[in-house]
Structure formats: C-alpha cells, structure tokens
Number of protein chains: 6
Amino acid sequence: MTDKNFPNTPNMIAPRYTQIPSFLRAPMSRDFENLDIGIVGIAYDGALTNRAGARHGPREVRNASSLMRTTHHVTKANPYANARIADVGDVDFNSVFDIEKTHAEITAFIKQMTDANVMPLSVGGDHSISLPILRSVAASGPVALIHIDAHTDTWDQFQGSKFNHGSPFRRATEEGLIDPTKTIQIGIRGAQNSPEGWEYSEKHGMRVMFIEEVQKVGIQEVIKEARALVGDMPVYLTFDIDSLDPVYAPGTGTPEIGGLTTSEAMTLIRGLRGLNYVGADVVEVSPPFDVGGLTSLTAATIMYEILCNMSEVGSKSGKAG
Amino acid sequence: MTDKNFPNTPNMIAPRYTQIPSFLRAPMSRDFENLDIGIVGIAYDGALTNRAGARHGPREVRNASSLMRTTHHVTKANPYANARIADVGDVDFNSVFDIEKTHAEITAFIKQMTDANVMPLSVGGDHSISLPILRSVAASGPVALIHIDAHTDTWDQFQGSKFNHGSPFRRATEEGLIDPTKTIQIGIRGAQNSPEGWEYSEKHGMRVMFIEEVQKVGIQEVIKEARALVGDMPVYLTFDIDSLDPVYAPGTGTPEIGGLTTSEAMTLIRGLRGLNYVGADVVEVSPPFDVGGLTSLTAATIMYEILCNMSEVGSKSGKAG
Amino acid sequence: MTDKNFPNTPNMIAPRYTQIPSFLRAPMSRDFENLDIGIVGIAYDGALTNRAGARHGPREVRNASSLMRTTHHVTKANPYANARIADVGDVDFNSVFDIEKTHAEITAFIKQMTDANVMPLSVGGDHSISLPILRSVAASGPVALIHIDAHTDTWDQFQGSKFNHGSPFRRATEEGLIDPTKTIQIGIRGAQNSPEGWEYSEKHGMRVMFIEEVQKVGIQEVIKEARALVGDMPVYLTFDIDSLDPVYAPGTGTPEIGGLTTSEAMTLIRGLRGLNYVGADVVEVSPPFDVGGLTSLTAATIMYEILCNMSEVGSKSGKAG
Amino acid sequence: MTDKNFPNTPNMIAPRYTQIPSFLRAPMSRDFENLDIGIVGIAYDGALTNRAGARHGPREVRNASSLMRTTHHVTKANPYANARIADVGDVDFNSVFDIEKTHAEITAFIKQMTDANVMPLSVGGDHSISLPILRSVAASGPVALIHIDAHTDTWDQFQGSKFNHGSPFRRATEEGLIDPTKTIQIGIRGAQNSPEGWEYSEKHGMRVMFIEEVQKVGIQEVIKEARALVGDMPVYLTFDIDSLDPVYAPGTGTPEIGGLTTSEAMTLIRGLRGLNYVGADVVEVSPPFDVGGLTSLTAATIMYEILCNMSEVGSKSGKAG
Amino acid sequence: MTDKNFPNTPNMIAPRYTQIPSFLRAPMSRDFENLDIGIVGIAYDGALTNRAGARHGPREVRNASSLMRTTHHVTKANPYANARIADVGDVDFNSVFDIEKTHAEITAFIKQMTDANVMPLSVGGDHSISLPILRSVAASGPVALIHIDAHTDTWDQFQGSKFNHGSPFRRATEEGLIDPTKTIQIGIRGAQNSPEGWEYSEKHGMRVMFIEEVQKVGIQEVIKEARALVGDMPVYLTFDIDSLDPVYAPGTGTPEIGGLTTSEAMTLIRGLRGLNYVGADVVEVSPPFDVGGLTSLTAATIMYEILCNMSEVGSKSGKAG
Amino acid sequence: MTDKNFPNTPNMIAPRYTQIPSFLRAPMSRDFENLDIGIVGIAYDGALTNRAGARHGPREVRNASSLMRTTHHVTKANPYANARIADVGDVDFNSVFDIEKTHAEITAFIKQMTDANVMPLSVGGDHSISLPILRSVAASGPVALIHIDAHTDTWDQFQGSKFNHGSPFRRATEEGLIDPTKTIQIGIRGAQNSPEGWEYSEKHGMRVMFIEEVQKVGIQEVIKEARALVGDMPVYLTFDIDSLDPVYAPGTGTPEIGGLTTSEAMTLIRGLRGLNYVGADVVEVSPPFDVGGLTSLTAATIMYEILCNMSEVGSKSGKAG
C-alpha cells in the first residue's frame, strides 16, 4: 500500500484545527537527500530525576504547532522559502528501559540525517537526549554550545547513572563534543543540594549567566556576549523549556520560578541569527503537567523561531541565502 | 518532494506515545483503489446549537486512539487482517462559514471514497455531518439507520437553519436517504422545549428507544430488535458520543445525564456484528469540554469496535471474510 | 432606575449559552404573591467540616442549569405549565461568620416565601442549611423527610458546634421539625470514626437504607418503601449531591465512592411524584472541586426533576393540577 | 408576572460569590432612557477561523466580574457615581448560522442604545462583532479607533467570507466607519502566512505598533502617540484579549506568545482617560480554553478600567463630570 | 535532633485537611517489631510501557487517604482495633535508572518487614513492583494470587526487558513465587497486539475472568470462585487501578474503558474477607493523568477496604481476632 | 508505639517525588528545645470574605515544597547549616467554627514556640492568622511589619466580624502588636468599595506603596526604603500570595491582576537579608483555585527564600552566624 495521494504537505492556510498534526504543519518525510532541516521527535524520558512525562512532549508540541504560520512578523522571513524542511517523525526505539542503548539509537538516527547533511531540530524528551544528538552532530570535532536553561546540566551522576538528564553537558565536555570555553549557559537559577554542577561549568571555562545577571544586563548584552563567544564556529543551540518562568511553561519536570519571559527568549533567539548552526533542540516539555496547552504552544513558537535561524544556514539545494 | 521513506505505517508495537498520531495508528493514505475502509476526520462544528468545540474532535480522537491495539479481547478478531484500512486525513474545507457549502464539500469527499468502494468511518465534528455523508453512501437508495444518541436529531429548524446538528435525520428522511421504518434510535433522553422531534420520529415509523426502555429491557433485547429491524439491508451506523452518560463523555456539546454506559455501548456494537454496513460515524466529541482526555479515549475505543464490525464486510481485495 | 424592559423571562429556545443565567432560565422575581415555587440560592458553607467551596454552588448550578429545558422526556410534563416558578435570587447575608445568625437569616428569608405560600426549592451551600429552611417550612408541625445522602447527618457536634453540616437532622428531630419515624435516609455509606450518627438515626426510628441495601433491593423497592412511609404527610425532600457516586459528582466536600448512579437518582425522584411536598433542597455542590462542570450539570438536572414533582402540588393560581 | 422586588441592583458589599452575576454586579436593565452606559454581551463566535468557544465569553466574564468593586485604586474614581450604568443583557439572536444576518441583529440592538444616547460597552464573542457595532456607533461618520490586539484584523477574506474575525477593520475602513489615519493598532505580533493584513493597515495610513516597538518605546510613549493621533475625535476602543500574553489570557482562540502584560494594558487604558469615547468592546474570551478562570478575570478587570474612562464622558443626566 | 513530640499518630477526628498526610492518617513508624501491617509507598515507574507518572502515586494516595476513617459502614469493623498499623514511608531508592537494581531494593525493604512478620500493603508505582514484593512475601514457597486488573501482565518482554510492568506474573510463575493454578485474574479486557499474554495465563492454569464474564455471572459468583480456588493457602492480593473503569480511575497509564465499577470492586474485596493474606498492593495510580483527585480517592478507599481484610489475619500482639 | 526508626529527616538528595511531604523535606519535630525555626501549617480559612479554600494551603505547599533544595543559587547560603529547622506540623484545632476561639488556639500554639525561642514561619490559611501569631511574637511590645500584599488588610469589619481576613493589621495596630509607623505595605492594588482601609493605613502612619509606585521606583528603592524604615527593630514579615500577579498565583481567594512578579518578590526578600526577624508567614494559598500546582510551587519557593533570611538570625545553638 502506498500513500502517494495523502496530503502530507498540509495546506498552511487551511483551518489550523484540521488534519493530522505534523510539526509546524511541515510535510512528513524521511527522504533525507531532499531535505535541509529535519524536525524530529525524541519521545524519551527515561533519564529524568524528578517529575515524569517528557515522553509525551513531541505529540503535544506537534499538536500545538499547527497554530504557527510561515512569515515572521519581525524579520518578514519565511523559513520554508529558505530551506527544505520536513517532520521526519520520531526516533524509533527498541530499548527504552536502558538509557545507554536508547542513546545509541538516537545517535544512529541523527547520524542518518547528518550523513545526508540534514540539520536536526529535535523536540524532546528529557534533556539527556542532547548528548546522543551531539555524538552525531559533533562527530568531527567539538562545537560551540548555546545552552538556555535553569540548570547547568553539568552534574555528575544521580542514582548511579552518569547519563541522567542533569549531566549531558558534563559528558559532552568529557567526550570532546562541545568546547566548554565556547559554551554559554543562560538563565541558570534555583537552589541545589550542592554547588557541584555550577562549579564544574565554571571550572571548565563555560560562561554561566545566572538569571539575575541576565535580568541586570538585559538581553541585548547577553546576545552580544554569546555572539562574541561563539563567533563563526559550528554551534549547537539547546533550549530547555524550564529556562522560561513556569508561568510560560508549567508543563516541565523541574520548574524553577523567576525565569526568562517568552519575550526575552524570543528576542534572544532572534539576536542569534546568522550563526553557523549545526543543530538545535527544544526539550523537557512534559504535557501531563501542562495547563491549557500553554507549554506546548510556547515550545512550538520557540521551535519556529529557532527554525527561522537554522533555515538561513546555506542549503544544499541553494534555496537558502 | 516525496515522502517515500516516511513511516506512515506505524509500528503498532512501538511505544504508544511515539510518532505522529494517525487514527488508530493506521497508515495514512488516500490511495482509495487499494483501500477497503477509510477513516476520515470531519473537523466541522458550524451547525452546533449549543456548546462549542466539536471542530477539535478529530485531532484529539486521533491522539487518544494510539492507545488502541489490533486483536479484540472478546472476538479475537483483527480488523487489519480483514481489510485494508487507512487514515485518509480530514475533509478539506473551503467554505466553513456556510453550512450548505461545507456539507457539499463533505459529500464530494465521501463520494471519492464510495466511488472507489471505500467505506467511510467518519469522526466528527457535529452531528450535521451525517447528512452529507449519507448523500454519498445512500446515493443509490435509502439505507437502514442505527442511531445511538441522546437526541433524535429529527427536529426541524433552529435559528432559521434546517441543517443544524439537531435535524440531520429529518432531512435524511425527506431526501430519501434513510428508510425511517428501518431506523432505530437508541438512548434518547433529556427534556426538550417541545416534543416535536420525538413526534416526528415516531410519526414516520422510526423505532425510538428512550434510555428508560433500554435500561428496562437490557442491551440483548435492543440488539435483537435492531437486527430484526435492519435485516440485511445496507445499514449506516451513527454514534453520537452524547448517547453515553456524561461521566464517560463529558466532552460534548449537549450532555444529558443518565445515559448509556460504555459497557452497554460496546456490547451493543458487538451485537451488531455481521450487518451489511455501508459506513459509520462517531460524532460530537468536543475536546475543549473534555476532562483528562476521557471522551477522546472513549470515542477511539468505540471507533475501534465499529471498525471491527465494518472490517468483516466483504473486501475488494478478498482480504475480509 | 427601573428594569422594566429587561428580559427577565429568558427565551427558553434561545441559544443556551446566552443571557444572564438564572436558575433553569426561569424568570427572576421576588414578587412572592404571584409565585408558586421560588428557586433560591443559599451560598453558605460556613458549617463545613471537610473540603471547602460549597459557597460557590448556587452560581455554578445556575450557570449549568441553562442546559435544562421544559418538557420532561418521560412524563411529558412541563413544570412551567403547572406552576408559577421563579429564581428569587440568593438569600442575603449579613453575618456569614456566625453559623447561628446566618441560619436565622435563612429562616427569615424562607419565611417570607412560605408566608406567601411559595414553596422553596433551595440550592446550597452546605447541608447545614436544611435546618433553618425546615424551621420555616415545618413551622406548624413536623414534616416527613426523604433524605438522599451518603451520610445520615445526625451526628451530634464537631469542633464544638452542634450546627455543622453533619448534624442538621439530629437538630431537626430535637426541634420537632421532622418526624423521625417518617424519615427515610437513602444511600448511606462510607467509614466513620464512630457509629454514633448511624445509631442516632436508627434509635429514633428513621429508616436508614445503606447503599448496599439500595443496590440489593433495587430502586423500585426503595420508592415503594418511601411512599409507604411518607404517605400523604407534608414532606420535605433533601438531596445531598454526595449521595451520588463521585464520578457523577466529584465537586463536593465529602465524596464517598460507590454511590448512587444518576439514573438511579432520577428514577427515584420520578417515583416520588404525587407526594405532598412542602419544599426541597439540593446541597453540597462545591464547584472548586468539580471537573468539567459535571457536578453542576448533575445538580441542575436533579433540581429540574424535583421541580417537576413540586410543580404538581396544587398551585395558588389554579395553574397546577 | 413582574419582578418588581427582585434585587437587580446587587449590593456591592455583599459577599461576591452570591447572587446572579450581572456584569460587574451592575443593575440589569434595558430602560435605555435612564442609562448612560449599557454593558452588553454578544455571545457569538460564528466568524472564528481557529479555536472555538468565544460564544461562551459573556457568561464567564459576567461570572468573574463579581470580583470587581467600585472605587479605582489609582484614580479614586467611581464610575457608578459618574454615570448610570447597567447590564443590558445579551443581544438576542435569531440567525446564528448566518454571519451577515447575525451582524444585522447586532447592529439593530446597538442602534436601540445609541438612539437613546446609551454608550455600548460590549463583551464578545469573536472580533467580527466590532463591525456591526461600528455600523451603529459610527452611523454619522467615521470614528477614530484605538485597537489593542495581536492581529491587525485587516485581512481580506478566509474560507470565502469577508466577515470573519480577521477582517472587521478592513471592512470598517471600506464602509467609512473608521478613519484609518486616525487608527492605531497596538501589540501586533505572530507569524502570518502572508503580510497582506499588515500591509493593508499600513497602506491605508493606520499606525501599526508591533509589540517589539511597544516594548522598546514603553507604554507612556504609546499613550502619547495614541492621544495625539486621536485628539478629540469620537473614538472607539476595541480590546482583543489576545493582545495580552497568553499567560494572562490563555482562554482565547488565537494565542500569540510574547504579548502585553496586564500592567501594561491597564496603564495604557488609564493613559487614555478623557478621550471622547463613543463605545468600546472586549472580545475573544474563549472560556473552554481558559485555565482557572484567569482570562475571564482579566477581561472583567480590563472592562472595569475601560468603564472608568467611558463613565467620564458627559452623562445625559448630568451625573458625570 | 529527635522528634519525640511530633504528632505522628494523627488525631483521626481532627479536620481531615490538616496535618502531614500519612497513609490513612496512620502513625508513621518503622518500628517493625511493634507492627502487624506496614503500609509502604513504592514510588517507582521505570518499568512502564505507556503513559508516564505512576512514580507520583504514593504521594497523592497519601493525600487523598486523609478522607478515610476507621469504622467500616458495612462490617462495622475497625482495622486499627484489630492490628498495629503504620505508614512505614516509601522504599528508599539508589538506582532508579536500572529496573533490576530497583527491584532488588524493593525486595530488600519488604524483607525487613516480612522478617519481622509485618505484612506489607504496598502502594505503587507501576505494576512491575509486585514481582520484587513477591520475592520477599513468597520466599518460602509459592502463594496464591488474586489479581484484579484489565491486563493479565503475563506478557514476556517489551523493548528488550523481561521486567516491564506487563510481565510480573509471568516472571513470578517462572520463579515459583505464585502458583498459577491458584491464581485468578479478574476484569481482563482491552485489545492487544497479540494474544500471547492471555494464552500464557490460560496455558499455565490461571483462571482468567474477562470483564464480560464478570459482568455476566456477577460479583458474588466471582467471589465464590476465587474463594474456592484460593482456599486457605497464603494469598497475595494485587489490585491494579486500571481494573476499574476509567471514569473511576482516569489517572492511570493504560486505561481501558468498560471496566469494573467501584461498587463491584468493593463488594469483591469484602467478599474476600477471612483469607490467609500475606500481603497486598494497589498499583498504577498516575496522578498527572488524574482529574479532580478521583483516582487517588478511589485508590485510598480500595486500600482501606483491603486493610480491613488484612487486619483480621492474626496479629503478633494478639490484637486481632 | 514509637516511631524511632522512621526517616523523619528526609534524604534531600532522594528523588523528590518520594516519601511523606514535610515542609521543604525538613525533619518533622516538636522538640522545641532543640529547634531554632519551626515551620508550621495553619490550615484555617474561616475568616475569608471571598473565594474559599485556603484551609487546603498547608497540605499543598508541603507537597510542592519537596522540589526545593538546600543551597541558594545567589547567596550560596544553606539555611539548614545555619539553624535547626523542622516542620512542626499544623496547629491543632478544636473550635474551627468560631474565629476568636481558633485565633486563641493559634496564639497558644505559637506561644509554645516563642517561649522556647523558636521562630515561627507559618503557612496559611487565610490572612486573619497573622493577628493571633503576632499576639505571641509581639507579646513583649510592638514589632515592625513588612507586609507584601495586594490589600492593606486594615479594613474594619465585614459581615459583622472585626476578625475577618481583611482586618488583621488594623486590629494589630489597635492591640499594640505592630508599630504602624514602622510598617510598610507593598504591592497594594485593586478597586475597593470604599477607600476606608487605604485611609486607615495612611492615617496611622503606615507606608503604603501601591503597585504603581513599586513598578515606577523599582525593587531596589523599595528595599532601601523598607530597610530604612525598619532598621534593627524586631520585624515580622507577612507575605500574602495575592501580592503576586495571578499568573504566578492563581490559587488564591482574592486575585488582583497587575501584581508583583516572582522575580521582583524574590529580589525584594533577598534585599531584606540581615534584618532582626521574629517570625514570618506566607498566606492565602487556595489550592482548589490553583492550576497545575503553580501557586503552591511559588509559595514553597517564597517560603524557602524567607527561611534563608530567618536562618541568619542568631541561633540558640550557636549554629547560625
């Protein structure tokens, strides 16, 4: 049975509550040769240390993302005019009860994309997924990292595992996937039971901007510093939805009050236009803890903003500028 | 761009929270020549007289329906082994502000299916959609009707329209699409401002079983009577989710307490196995009024039960028995 | 300023989500001389011993009650054709921090109604309100009581008060407002910290039907026994929403699983047609604990069923039969 | 039957959860001769292009508005001391399935008010209602427009209708009801599938302030510019609740993250005191998508702030200053 | 620091919303020598195959269980008079990312209890926890099993793990912890992707009662059969909350409509009084999917009913009869 | 029965969803001789004038507070290293239907603590509880007051009671418990039916900062003024959760839009480090009106921030600095 006639390129001007929800109403495709950017769901939360539910993230972000449209109201850019973009579905899993095997499956899937020069825009899932993604996108050497989050995620281990969702960027540093001196962590806050993670980040040269500093210097200064740090290195952007204040993103596992506003986050992302992206992710959306779909809507919009930036990186097809 | 590699036949044993939600995790296809049954969303609620939101029904029923599986626990039947089944997407709309034009678009879409001998299993949307569906499935003569609902939907008009969701089976009678003497309405209840609709049904020979009678005689008697009435005529099954008690289906526009239980409804549908189905629908799911996704889960299970029955009608491919 | 043109008799066939919600869309009036039945809100919950919120009951029951209509689907009766019915607003309070003063205000308000031969159908509020209502409706001698509830509400005192919501029918017995030998309590269940209340009821001659007995003998037997007990005495009907299983009425202060179904409750009330009603109440709806408005919808429908019965008691205007 | 004794002027110091909820606990009246301002519900959402439910707006805004009081904490003004204000109920509908007929009914109802020099403060309902309101309030010539919204609502058509909720101010321009050069649109944001609406506004001389400009220049500058633009022309104020960030107003059909805060909105409205108002509306509250009643509470407070401004326009009775 | 004065034996007649919520307001203690029954939380959901959140079960069941009281309304028994009962806290975890290590920690904790002749009443957590509990309570030989559930949980493996929540009773059979010929599974239903689990149960001699059979023969017959099967063997009772219809227990990972009512479940448990219990559990409560706390309330009541039965097994202290 | 082995000092690095929720996972103890700070729940809401439910506050704040940890991300301070801190349970009540008797019970309980030099950090409950707390902590003379709230709570009486939740600081002034000239009220807003309360505050020398002034001068100025006013006097801090904007704290009885952000509130509290605290409270959390547990999470974090300040006041044990 084939599906040649199925409307897999949704009509973006159709009523938004209609049809099967692909990410952003992008076409559904795994024809990687003819894609520049693949939006991929990673419905995994086996590495959580706290509240459950991030496995349900991709589903609900897809659902909410139908509210998005094409032309950006500030830049007037249209990512779909710049690049060939598709929803490539979710990573298929065969070993969800074993973190390391699951991570290997994620790495393998993303590698199919990067081998075909398709940039991954991933939607989690818990934050542990950034590590196996980096194992593919940074396979040829460490990348710069822009990390927007309430937590540095450079803790060592918890309950005996070094691969839980509080540790990916410590492991990525150890594995040479990211250059810690080209890493900036923005929005950090919330009490901890030890300063270990904060100290690891700072000791290894990461630029840790606690939320208080962000609020004091303002987003424009944050942008300036991030751009200066990253320069034209290949850069990976990871956006933990808990970087935002819980009023914007209640549906997450480890909420910390006093976070970024969505206006700040969108201004920040727009200020990071023109960088040399190799991939990005939006993680830690936990729909069972959401209220009114707000977190999913926010994640979808953040994803659209990031996609705009990614779409401006040169396309294989010559589509993008 | 093609999507030849996209996993549009979801792996039914994958974790159920993964991948893009097609109805029941069926493949997505409009290749009608190679289908026996097409599950179609009709995301329309412009004919509602009361609480809003049925336009959001197909989306959430798709989402919840991933919890369904293949092999029935009572009959041990597997509809996917019997027939070629796909999610054919939603009807595409171009005139949602005009009931009659929208109805014409529904009729035209369903006609594409019936012309290819694909039986439609539709998911609404408000109950007005049964009329334009019947205009296609009953194009060659009146069909029998099994109508499970709290309301007879044989009222004449409301707010000047004869095509609102309280009137489809009066219109269908007038248009010769259903045979009222081969029509049974099961689960009727709730006060009305006039007995007009009840009287229309009875005057035209429909068998109206109020919920009190259903509860008194029991479901097995209801089955017996419905089977005797319908015989081997072509039959259309329409299931309004408000036939169920609101505890099972709070997410609907016109809830009436004191309704069917889901056990009764499933027993009833299973008792209607072997009839000569020409189509069916499940309507009036309004997700904004739902709590905890219960109504969508219920609708998805009811849809699976109906699909089991439909899959046993002879298949073009010789697959079904 | 007058409101002579205000549409205080809502058009019952207008869309039900429109206009200001009076109870059942009845006219709003305190012209007691021209009324037979007054539906009155008693937004008081100062006598609760457990979960909060019954003060918000009348508001939300009014809101949900717009879904009700005029003609009963079983009896085909129309209460508005039988009697002059109005929403008389809420009892006005001046001392909500003092149970006994509030009770006195309730008694005084109801007395205005009973003095004008207007039967009160009250919507609570916590169950303590039945006591001050009875002080008016039973002013001339003890009445029979049909009491549908999970609890006998014949406990003595709690936290030093003899007027909390667990004690009204003990006080009513002591004050000679009800005849305990003409009292039936239906649906009783749930563990208690002492059998004191159950014992009080039985010792004073009340007929206590635990839910297990109700389920065993069936509703028709319950009806038969209640009718035999009450005979043609003046009778007051009090319906605690927690008599229902919490799936039908989650929004209440002291839920007990394993209760009546709404079908059972409605059958019971319909079976109590033709009694010599002097008033009735529906109490313990706590909207902050409700989900999806289900409890309010249920309360509104129960209220409509009770109103049908009350409307058949002879009207001053000769309207009723 | 009359309702002469009904407490239709609620006691504003009574507990706020009591009595029937009129808007702001204002008296209920259609005695237009003795009114200066009529608050009117317009429970219509037949012109929505996206998520459902605005028909339920007036009900829930009324409910939440009981939390409002009389004396403003900044200005110390009391609108009820300035003007004769009533809840005039909802517009009565007879043709809700036909946008144009419904619009005609709205125009006719508002005309009854404007003919009696009663200023309408309308509560929607979808944004399409502003057009038929303007057909009455601007009957004698174009008015200035202060339009607070995420969307310019100057798109042309959708699904074949020129009267959907994305087009009222394009139609109002074409019909000469508003002067586009005296129109300011504040808070605009969110991607679109084409820049058509933005371009129409700007091409016709409307002042379009995207949210980024609002945030950059600050509310005081916005006020200054709006006042300068409008001068002492008759002015209509239209407030779409989706102008606010979705954290303040999740219950709306087309949420766009990154919007106004309620502090900004209230400061803006207070800064627009003393203008020559001819009417105002608050629209697009969709309670089924609300969480915790927050959107309704916000809408009620915004309505109170606008009412304060409107109450200072000269009263027929000489009450206002 | 000691806590000698802390009120760890809550006053059962204090208002139920007060104080720290231990299970059923029982004292908090791990003084196993002076206990007969220990209620233990097992906040683990790492073996789930479907929807997330059972890790949050013990917290919310504790919270809801404050609504319970001492004296049963049917039996008039008081479990606290029969046995020494305490909340022993949750099992402490050190390896939550490894199912088998976590299971070992559960076994070790329960062994501390069984070594001291304390019967465990466990609250999950996903259903995988029954296996490690059985490894302690059935250490000296296979026990009989009364298993109330929608699923047989005798599937082999999923995603590479033999210890997921769909397999505990297959493993328990293999390990000789339960006697399959003394095992009854009650309430089974819901489609499956293969009949493998059902077939395993039946092939090994388990008595599988699908819900249709339960409904047909009635609960009294189920009781009779279960009692006959189990006799006076040591018996373990495992209650999966998804045995109940989702209207009673929406907060669970794998809901299946058409399940047991709470009345049926309570009648069933009461009918199993006097058996030779060695332990019991209530599992699969997932609060993030719950609505209105209903599932937790139900689980708490079921737990109380089971506790009544367990308390009648002979006490070390001679307290019980 | 003793509980000597119960883990009443929860392991702060255990998974946060495990174990019985004491406040902030502090040990549970009433051994006042060995405590510096006692966190106490006051589950009372009998003095509310508006929406119900604050009685449920302590329970849910305890639950949410498990998400808190030890080391502050800005100050790097650890309150548990500074002082001996415990959850002392809830105040036990015997007269909840009588405000004045309940207040006396609160005073007596707090007196046990202050007699042992244990500083109370109380969690309400409605705001009336501050008065009986002050009767103990200010027993030896008036204290300074930092009062963060939307309302001045210096109204006189409501519904005949002078002890409702709108009046505590008027009574405290009259009783000489606070020095009004050393009192600052921050965040005041929202219309009132009379300016009486505002005027009382100002007339008696309290510094009333309306929210507009707070937003204009900024939090650093507010801190400066508060510190200057209070100096080194003994000071009590009272934090009404409704001081925050309702998006951060929807679960409260009297929400007023346009309030403080949580960032502002935390900055404010951190700016009040080093004062001479004698106690503090966080009040008016009403969980039944909360959404997604956000208000409880916010209250828990605010409580943690206040605790950090309190822990730096000299300890009896010499622990604190």
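Select helices H9 and H10 of chain B: H9(B) and H10(B) run roughly parallel to each other, because the angle between them, about 15 degrees, falls under the 35 degrees that counts as roughly parallel. The model on screen is predicted. Helix H9 covers residues 262-270 of chain B and helix H10 covers residues 294-311, and their axes are 9 Å apart. Two packed helices are described by the angle between their axes and the distance between the axes. The crossing of H9(B) and H10(B) is right-handed.

Now show the side chains of this pair. On the H9(B) side, select Thr262(B), Ala265(B), Met266(B), Ile269(B) and Arg270(B). They meet Thr298(B), Ile302(B), Glu305(B), Ile306(B) and Asn309(B) in H10(B). By class, the residues of this contact are five nonpolar, three polar and two charged. An α-helix has 3.6 residues a turn, so residues three or four places apart point the same way.

How many of the nine residues of H9(B) are buried? Eight of them are, and the helix is mostly covered. The buried residues are Thr262(B), Ser263(B), Glu264(B), Ala265(B), Met266(B), Thr267(B), Leu268(B) and Ile269(B). Their cover includes strand S4 (143-148), helix H8 (219-230) and H10 of chain B. Another chain takes part too: helix H7 (211-217) of chain E is included in the cover.

Go to chain E next. Select helix H1 (residues 57-65) and helix H10 (residues 294-311) of chain E. Their axes are 8 Å apart and the angle between them is about 75 degrees. That makes H1(E) roughly perpendicular to H10(E). In H1(E), pick Glu60(E), Val61(E), Asn63(E), Ala64(E) and Ser65(E).

Turn to chain F and select helix H1 (residues 57-64). Is H1(F) enclosed or open? Eight of its eight residues are buried, so the helix is largely enclosed by the rest of the structure. Those residues are Gly57(F), Pro58(F), Arg59(F), Glu60(F), Val61(F), Arg62(F), Asn63(F) and Ala64(F). Within chain F they pack against strand S1 (37-42), strand S2 (85-90), strand S3 (119-124) and helix H10 (294-311). They also pack against H1 of chain E.

Now look at how chains meet. Show chains E and A together: the contact takes 19 residues from chain E and 19 residues from chain A. On the chain E side, these are eight nonpolar, eight polar and three charged residues. Other pairs leave a gap. Chain D and chain E do not touch, and their nearest C-alpha atoms are 13 Å apart. Chain B and chain F have no contact joining them either, with their closest C-alpha atoms 13 Å apart.

Finish with chain A on its own. Chain A has 10 helices and eight strands. Its radius of gyration is 18 Å, close to the 20 Å that the globule rule gives for 321 residues, so chain A is as compact as a globular protein of that length. The C-alpha trace spans about 55 × 45 × 40 Å along its principal axes. Of the 321 residues, 70% count as buried. Among contacts in chain A with a separation of 6 or more, 77% are between residues 24 or more positions apart.

Definitions and conventions: Residues are numbered from 1 along each chain as its sequence is written. Chains are lettered from A and ligands numbered from 1 in the order in which they are written. This is a predicted model: local features need pLDDT of at least 70, side-chain atom pairs count only at pLDDT 80 or more; totals for chains, interfaces and linings use all residues. Helices (H or I, at least four residues) and strands (E, at least two) are DSSP runs, numbered from the N terminus. The radius of gyration is taken over C-alpha atoms; the globule rule is 2.2 Å times the number of residues to the power 0.38. A residue is buried if 20 or more other C-beta atoms lie within 10 Å of its own, exposed if 12 or fewer, and partly exposed in between; C-beta atoms are placed from the backbone. Two residues are in contact if their C-beta atoms, placed from the backbone, lie within 7 Å. Axes are lines fitted to C-alpha atoms, for helices over the stretch in contact, and angles run from 0 to 180 degrees between N-to-C directions. Angles under 35 degrees count as roughly parallel, over 145 as roughly antiparallel, 65 to 115 as roughly perpendicular and the rest as oblique. A crossing is left-handed if the near helix is turned anticlockwise from the far one by less than a right angle, and right-handed if clockwise. Ala, Val, Leu, Ile, Met, Phe, Trp, Tyr, Cys and Pro count as nonpolar, Asp, Glu, Lys and Arg as charged, and the others, Gly among them, as polar.
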